[in-house]
Amino acid sequence: MNRQLKGTEKLEGTYLFDLATSAKALRLNRFLHGFTVPASRTQFKENPEAAFERAGLTSEERRMVRDLDWAALMHYGASFFCLEKLARVRGVSNPEMVAGFRGESLEEFLKTRRVPGAR
(Lines give C-alpha, C1' and ligand atoms only; values in the text may rest on other atoms or scores of the structure.)
Protein backbone atom coordinates (compact mmCIF):
# COMPACT_ATOMS: atom_id res chain seq x y z
CA MET A 1 0.00 0.00 0.00
CA ASN A 2 1.16 3.53 -0.70
CA ARG A 3 2.51 4.87 2.58
CA GLN A 4 0.61 8.13 2.02
CA LEU A 5 -2.61 6.13 2.24
CA LYS A 6 -1.69 4.29 5.43
CA GLY A 7 -4.55 4.48 7.91
CA THR A 8 -7.24 5.48 5.41
CA GLU A 9 -8.97 2.15 5.97
CA LYS A 10 -9.66 3.29 9.54
CA LEU A 11 -11.50 6.45 8.48
CA GLU A 12 -15.21 5.78 8.71
CA GLY A 13 -17.01 6.55 5.47
CA THR A 14 -13.80 6.57 3.44
CA TYR A 15 -13.51 4.07 0.60
CA LEU A 16 -10.17 3.92 -1.12
CA PHE A 17 -10.31 4.00 -4.90
CA ASP A 18 -6.96 2.53 -5.82
CA LEU A 19 -5.61 0.72 -8.86
CA ALA A 20 -7.01 -2.65 -7.74
CA THR A 21 -10.49 -1.19 -7.17
CA SER A 22 -10.32 0.65 -10.48
CA ALA A 23 -9.42 -2.53 -12.34
CA LYS A 24 -12.14 -4.55 -10.61
CA ALA A 25 -14.83 -1.98 -11.43
CA LEU A 26 -13.65 -1.10 -14.94
CA ARG A 27 -16.26 -3.26 -16.73
CA LEU A 28 -19.04 -1.81 -14.57
CA ASN A 29 -17.87 1.77 -15.03
CA ARG A 30 -17.62 1.31 -18.80
CA PHE A 31 -21.17 -0.04 -18.82
CA LEU A 32 -22.48 2.90 -16.80
CA HIS A 33 -20.52 5.45 -18.81
CA GLY A 34 -22.14 3.95 -21.90
CA PHE A 35 -25.38 5.67 -20.88
CA THR A 36 -23.97 8.77 -22.56
CA VAL A 37 -25.03 7.03 -25.81
CA PRO A 38 -28.79 7.26 -26.43
CA ALA A 39 -28.99 3.73 -27.89
CA SER A 40 -27.38 2.27 -24.76
CA ARG A 41 -29.86 4.09 -22.53
CA THR A 42 -32.75 2.81 -24.65
CA GLN A 43 -31.49 -0.77 -24.60
CA PHE A 44 -31.07 -0.67 -20.82
CA LYS A 45 -34.55 0.76 -20.30
CA GLU A 46 -36.19 -1.75 -22.65
CA ASN A 47 -34.20 -4.86 -21.74
CA PRO A 48 -31.73 -4.45 -18.89
CA GLU A 49 -30.79 -8.13 -18.88
CA ALA A 50 -29.72 -7.96 -22.54
CA ALA A 51 -27.71 -4.82 -21.76
CA PHE A 52 -26.04 -6.61 -18.83
CA GLU A 53 -25.24 -9.58 -21.04
CA ARG A 54 -23.81 -7.41 -23.82
CA ALA A 55 -21.54 -5.69 -21.26
CA GLY A 56 -20.48 -8.97 -19.67
CA LEU A 57 -21.45 -7.85 -16.17
CA THR A 58 -21.06 -10.33 -13.34
CA SER A 59 -24.07 -11.47 -11.35
CA GLU A 60 -22.94 -9.22 -8.46
CA GLU A 61 -22.65 -6.20 -10.76
CA ARG A 62 -26.06 -6.93 -12.29
CA ARG A 63 -27.67 -7.19 -8.86
CA MET A 64 -26.20 -3.89 -7.66
CA VAL A 65 -27.39 -2.06 -10.79
CA ARG A 66 -30.79 -3.80 -10.85
CA ASP A 67 -31.41 -3.00 -7.16
CA LEU A 68 -29.88 0.49 -7.32
CA ASP A 69 -27.74 -0.55 -4.37
CA TRP A 70 -25.90 2.76 -4.22
CA ALA A 71 -23.77 1.92 -1.19
CA ALA A 72 -22.65 -1.42 -2.65
CA LEU A 73 -21.90 0.22 -6.01
CA MET A 74 -19.77 2.86 -4.32
CA HIS A 75 -17.91 0.30 -2.21
CA TYR A 76 -17.37 -1.84 -5.30
CA GLY A 77 -15.62 1.02 -7.06
CA ALA A 78 -18.23 2.55 -9.32
CA SER A 79 -17.33 6.11 -10.27
CA PHE A 80 -19.62 8.77 -8.87
CA PHE A 81 -19.86 10.32 -12.33
CA CYS A 82 -20.90 6.99 -13.82
CA LEU A 83 -23.42 6.45 -11.02
CA GLU A 84 -24.96 9.82 -11.88
CA LYS A 85 -25.60 8.48 -15.38
CA LEU A 86 -27.38 5.43 -13.93
CA ALA A 87 -29.41 7.69 -11.66
CA ARG A 88 -30.56 9.85 -14.57
CA VAL A 89 -31.57 6.80 -16.63
CA ARG A 90 -33.56 5.45 -13.68
CA GLY A 91 -35.06 8.83 -12.73
CA VAL A 92 -33.26 9.13 -9.39
CA SER A 93 -32.18 12.56 -8.10
CA ASN A 94 -28.73 13.25 -6.67
CA PRO A 95 -30.12 13.69 -3.13
CA GLU A 96 -31.85 10.29 -3.41
CA MET A 97 -28.64 8.68 -4.64
CA VAL A 98 -26.52 10.26 -1.88
CA ALA A 99 -29.07 9.15 0.72
CA GLY A 100 -28.54 5.63 -0.62
CA PHE A 101 -24.76 5.99 -0.23
CA ARG A 102 -25.38 6.83 3.42
CA GLY A 103 -27.94 4.06 3.96
CA GLU A 104 -30.70 6.59 4.65
CA SER A 105 -34.08 7.38 3.23
CA LEU A 106 -34.37 10.61 1.28
CA GLU A 107 -36.33 12.14 4.16
CA GLU A 108 -33.61 11.22 6.69
CA PHE A 109 -30.92 12.62 4.42
CA LEU A 110 -32.78 15.87 3.79
CA LYS A 111 -33.01 16.47 7.54
CA THR A 112 -29.21 16.80 7.52
CA ARG A 113 -29.31 19.47 4.79
CA ARG A 114 -30.11 23.14 5.17
CA VAL A 115 -31.91 23.49 1.86
CA PRO A 116 -35.68 23.76 2.37
CA GLY A 117 -37.65 21.85 -0.24
CA ALA A 118 -34.59 20.15 -1.78
CA ARG A 119 -35.34 17.00 -3.75
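Which residue lies over the face of Tyr76, and at what distance from the ring centre? In this predicted model, Lys24 takes that place, at 4.4 Å from the centre of the Tyr76 ring.

**View 1. Leu19 and Thr21 in helix H1.** Helix H1 spans residues 19-33 and includes Leu19, and Thr21 also has its place in this helix. Leu19 counts as exposed because its relative accessibility is 72%, and exposure requires a value over 50%. Thr21, by contrast, counts as buried at 14% relative accessibility, a value that falls under the 20% limit for burial. When neighbours within four places in sequence are left aside, the residues in contact with Thr21 are Leu16, Tyr76 and Gly77. The C-alpha atom of Leu19 is separated by 17 Å from that of Leu73, a residue 54 positions away along the chain.

**View 2. Aromatic pairs of the model.** The structure holds seven aromatic pairs. One of them joins Phe35 and Phe44, whose ring centres are 5.0 Å apart and whose planes stand at 45 degrees, so this pair is tilted. Phe35 is buried, with a relative accessible area of 4%, and Phe44 is likewise buried, with a relative accessible area of 5%. The rings of Phe80 and Phe81 form an edge-to-face pair, because their planes are at 80 degrees, with the centres 5.8 Å apart. Of these two residues, Phe80 is partly exposed, with a relative accessible area of 32%, whereas Phe81 counts as exposed at 57% relative accessibility. Ring pairs also link Phe31, Phe35, Phe44 and Phe52 into a cluster.

**View 3. Packing of helix H1 against helix H6.** H1 and H6, the latter covering residues 80-90, pack with their axes 8 Å apart and at an angle of about 45 degrees. This angle makes H1 oblique to H6. The crossing in which H1 passes H6 is left-handed. On the H1 side the meeting residues are Asn29, Leu32 and His33, and on the H6 side they are Cys82, Leu83, Lys85 and Leu86.

**View 4. Packing of helix H2 against helix H6.** The axes of H2 (residues 38-46) and H6 come within 11 Å of one another and cross at roughly 60 degrees. H2 is therefore oblique to H6. Here the crossing is right-handed, and the contact is made by Arg41, Phe44 and Lys45 of H2 together with Leu86, Val89 and Arg90 of H6.

**View 5. Helix H7 and its surroundings.** Helix H7 runs over residues 94-102, and within this helix Met97, Ala99 and Phe101 are buried. The elements that cover the buried residues of H7 include helix H5 (70-76), H6 and helix H8 (106-111). H7 is followed by Gly103, for which the phi angle is positive, near 75 degrees.

Terms used. Residues numbered from 1 in each chain as written. Predicted model: local features only at pLDDT ≥ 70, side-chain atom pairs only at ≥ 80, totals over all residues. Heavy atoms only, no water. Helix = DSSP H or I, 4+ residues; strand = E, 2+ residues; numbered from the N terminus. Buried < 20%, exposed > 50% of the residue type's maximum accessible area, 1.4 Å probe, protein only. Phe/Tyr/Trp six-rings, centres within 6.5 Å; stacked < 30°, edge-to-face > 60°. Lys NZ or Arg CZ within 6 Å of the ring centre and 35° of its normal. Axes fitted to C-alpha atoms, helices over the stretch in contact; angles between N-to-C directions. Parallel < 35°, antiparallel > 145°, perpendicular 65-115°, else oblique. Left-handed = near helix turned anticlockwise from the far one by under 90°. Contact = heavy atoms within 4.5 Å.
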